[in-house]
Amino acid sequence: MTTIRSILVANRGEIARRVFRTARDLGIATVAVHSDADAHAPFVAEADRAVRLYNPSAPAGAVNAPAETYLRGDLIIEAAKKSGADAIHPGYGFLSENAEFAQAVADAGLIWIGPKPETIISMGSKIESKKLMKEAGVPILEIDPDSATEADLPLLVKASAGGGGRGMRIVEKLADLPGELEKASAEAASAFGDGTVFVEPFLATARHVEVQVLADQHGNVWILGDRDCSIQRRHQKVVEEAPAPNLTDAARTTLHDAARAAAKAVDYVGAGTVEFMVDGDRVVFLEMNTRLQVEHPVTEEVFGIDLVELQIGVAEGNELGEEPGEPVGHSIEVRLYAEDPNADWAPQTGVLRAFEFDDSPNIRIDSAVESGSEVGIHYDAMIAKVIAFGVDRASAIRALDGALRTARIHGLTTNRELLRAILRDDEFAAGLMHTALLNERIEHWTSQVSQDENYVIAAAVAEAVTAARSSKVLSRVPTGFRNIPNFPRTRRYENPGGDGPLEVRYSTGSNGVFDVEGVTVVEAEPARVVIERDGVRTTYDVDVAVGSVDVDGPEGSRSFIPVPVFVDPSDAVAEGSLLAPMPASVISVAVEQGQHVEKGDTIVVLEAMKMQHTIVAPYAGVVEELNVTPGQQLETGAVLAVIETPESGDES
């Protein structure tokens, strides 16, 4: 039996922090590896030692992309030797299901905290695992893309070497299949270093249910319950829970038996997850992930275990004891993404001015960030997982909704309000989930997001008070005073995805009291505004900074960006300009300057946070300007191209 004394985590973000936490509890030293972009990330600061990963052949000063850092197994092994680590934990994603890397770790005399390389080859490859499960008599989904017909539609293109929604494409028309295969392969290669993809029928309304397995080196296999992961967007899980609600006894038995058979068939060692599609009593094998899953905390909560600690024990050669009994209570996890659901899910980048959750014994936060963290374009948009535990499902839902509601998240738009709408949905509360539910109800859920006008009023009032009190002239004049009452002040704030900016009109008399239609401003201070509307008085905490106003109230926090009163002419863009919706890199350019395009034609393909985004022509016209080339790094608002219509050309 081996004793691990120092662990290097070959990963980043919240999973690195998660493994470090258990390692510290066990008295094990920790080593982080990081790219240039992650040099100041929380996981790097929390490790006992940190090693920069870099490509020696990269240009001086270049920011290394994932392919030159977290996907470079040779650099990671070198970092382990240099730092004195005796074991490597792969986390999830990146090289976690790469058999060559696992073998290289063992060949270097290091301990691999994961399954054997040959197991990863067998089950880590979704293509090979389907063959094994078919031989074992487990129903599978498969189709040959070369022989697919209209009757097989819709189809799903999937990456063989990874998950998380990267490398996945739904195909509704056979003519689109070659192009979607190419895009999926490119995404998979970027995220996992392996562009292999495969095709299967797409089951739109089945449930996605998975089983957690854990096995030791002595032949013992534990089945640690099941999880429902049916709330998904672009095949990326958004909400996960354990145990899976409303499963029939027959389906649950089939799931657990099939998962145990899969683990034993390949002599599995370590933590893994067997995933299925479920429709009533029908269970169909999807894939096996030979690693720890993102959603593992919900299993830990209902079984009262630490899966990372168990992984380490298995790697040391310890034998698993008696298999745990039935799960107790209920746990739900939501993934908090830096993205804007109301702006076509555009990834959000920048500085998180605040990231704080109230302490609660029923809430767990596994995060990649903290207050002051900068979220960039290079990696996944998930910034945290928020996990709740309750004595039953209803209690867990309520606790999770409350934690999201009271969290202080300033500086970036997230999907928090969408998550709250999901948790408050009647179908979700009844456990009636399937993989298409989010897409079916997204418009309803986003319409449920609170548009409390008091927030923007509080922002405008606090901003006005702050400006008046910091003024070096006329400081005795009341805030917002107008000697012509018919002309109140107007403060505007950006409104992404809306029809126009948010506006607040207000004035003050000689007594300094704010006059805002529909409400009474009871108290106005730079950091605190109290508003009464229809007899209900509400307090808002406000943080006014240069270029931003953050407001915290009873329905969570809102961040506002003031619209400048005067716009610099140099900031104006030409009519017909296509702008970058987020910081991104240019993957490909599909047109040339002077080319005629039709509405919907692809102009540019961008990549941000490991996902590709296609920019299309909004109407037919001519590419008057083309300002980007493949490989170029862009900031939000950069002009990609200018499409001129015949009408606009005539006018000029």
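**Close-up views of a predicted model**

Asp 267 sits in the loop that runs between α8 and β12 (270–279); helices (H or I, at least four residues) and strands (E, at least two) are DSSP runs, numbered from the N terminus. A quick note on ground rules: this is a predicted model, where local features need pLDDT of at least 70, side-chain atom pairs count only at pLDDT 80 or more, and totals for chains, interfaces and linings use all residues. Residues are numbered from 1 along each chain as its sequence is written, and side-chain values use heavy atoms, with hydrogens and water left out.

**View 1. Two Asp residues with positive phi.** Asp 267 isn't a glycine, yet its phi is positive, about 55°. Asp 267 is partly exposed, at 44% relative accessible area (buried means under 20%, exposed over 50%, partly exposed in between, with a 1.4 Å probe and protein chains only). Asp 534 also has a positive phi, near 55°, and is found in the loop between β27 (528–533) and β28 (536–545). Asp 534 is exposed, with a relative accessible area of 76%.

**View 2. Helix α8 and its buried side.** Helix α8 covers residues 249–265, and its 17 residues should span 24 Å at 1.5 Å a residue; the end C-alpha atoms are 24 Å apart, which agrees (the expected span is 1.5 Å times one less than the number of residues). Which residues of α8 are buried? They are Ala 251, Leu 255, His 256, Ala 258, Ala 259, Ala 262 and Ala 263. These cover an arc of only 165° around the axis, which puts them on the same side of α8; the arc is that of the directions from the helix axis to the C-beta atoms. Over on the other side of α8, Asp 249 and Ala 265 are exposed.

View 3. The bond from Leu 153 to Pro 154 is cis, with omega near -5°, and Pro 154 is in the loop between α6 (126–135) and β6 (155–159). Ala 242 and Pro 243 are also joined by a cis peptide bond, omega about -10°. Pro 243 belongs to the loop between β11 (236–242) and α8.

**View 4. Strand β38 and its partners.** Strand β38 (residues 639–644) runs antiparallel to β31 (residues 577–579), with three bridges joining them; strands pair if DSSP finds at least two bridges between them. Ser 577 has Val 642 as its bridge partner in β38. Strand β36 (residues 621–626) pairs with β38 too, in the antiparallel sense over four bridges, and there Val 623 is partnered by Ile 643.

**View 5. Aromatic pairs.** The structure holds nine aromatic pairs (rings of Phe, Tyr and Trp, its six-membered ring, with centres within 6.5 Å; planes under 30 degrees apart count as stacked, over 60 as edge-to-face and the rest as tilted). For Tyr 493 and Phe 560, the centres are 5.6 Å apart and the planes at 55°, so the pair is tilted. Tyr 493 lies in β23 (residues 489–493) and Phe 560 in β30 (residues 556–560), so the pair ties together parts that are 67 residues apart in sequence. Both Tyr 493 and Phe 560 are buried. Another tilted pair is Tyr 506 with Phe 514, at 5.6 Å centre to centre and 45° between the planes; both Tyr 506 and Phe 514 are buried. Ring pairs also link Tyr 70, Phe 94 and Tyr 379 into a cluster.
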